[in-house]
Amino acid sequence: LYAIVLGRPVGTRLTFESLLVDAGTEVHLLGRDSALDWQQEGENLIVTLPQPLPDSPAYAFRLAQTTGP
């Protein structure tokens, strides 16, 4: 699943409303190698944004289930 956010997010956390993900999901900001920290709060997915966040007119996030050993 890919999510695109238009404009620069305000603050250090981004909320994707009504998005439930499994515990083994990784969230990546495209253009960065490491996965982002996230937590599920009810039906909302809260993603901690990397700092500093690069300037861009839009930000694309990839959400993918990790494969087990």
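The entries below begin with how I read the model and then go through each topic.

I am working with a predicted model, in which local features need pLDDT of at least 70 and side-chain atom pairs count only at pLDDT 80 or more, while totals for chains, interfaces and linings use all residues. I number residues from 1 along each chain as its sequence is written, and side-chain values use heavy atoms, with hydrogens and water left out.

Histidine 28. I found histidine 28 in strand E3, residues 25-29 (strands are DSSP runs of at least two residues, numbered from the N terminus). I noted histidine 28 as buried because its relative accessibility is 9%, the limit being under 20% relative accessible area with a 1.4 Å probe and protein chains only. Its side chain makes a polar contact with the side chain of glutamate 26 at 3.1 Å (N or O atoms within 3.5 Å, one able to donate a hydrogen and the other to accept it; residues adjacent in sequence count only if both atoms are side-chain atoms).

Sheet. I traced an open sheet of three strands in the order E2-E5-E4, with antiparallel pairing (at least two DSSP bridges between two strands). E2 and E5 are joined by four bridges, and phenylalanine 16 stands opposite leucine 45 in E5.

Note on methods: Buried < 20%, exposed > 50% of the residue type's maximum accessible area, 1.4 Å probe, protein only.
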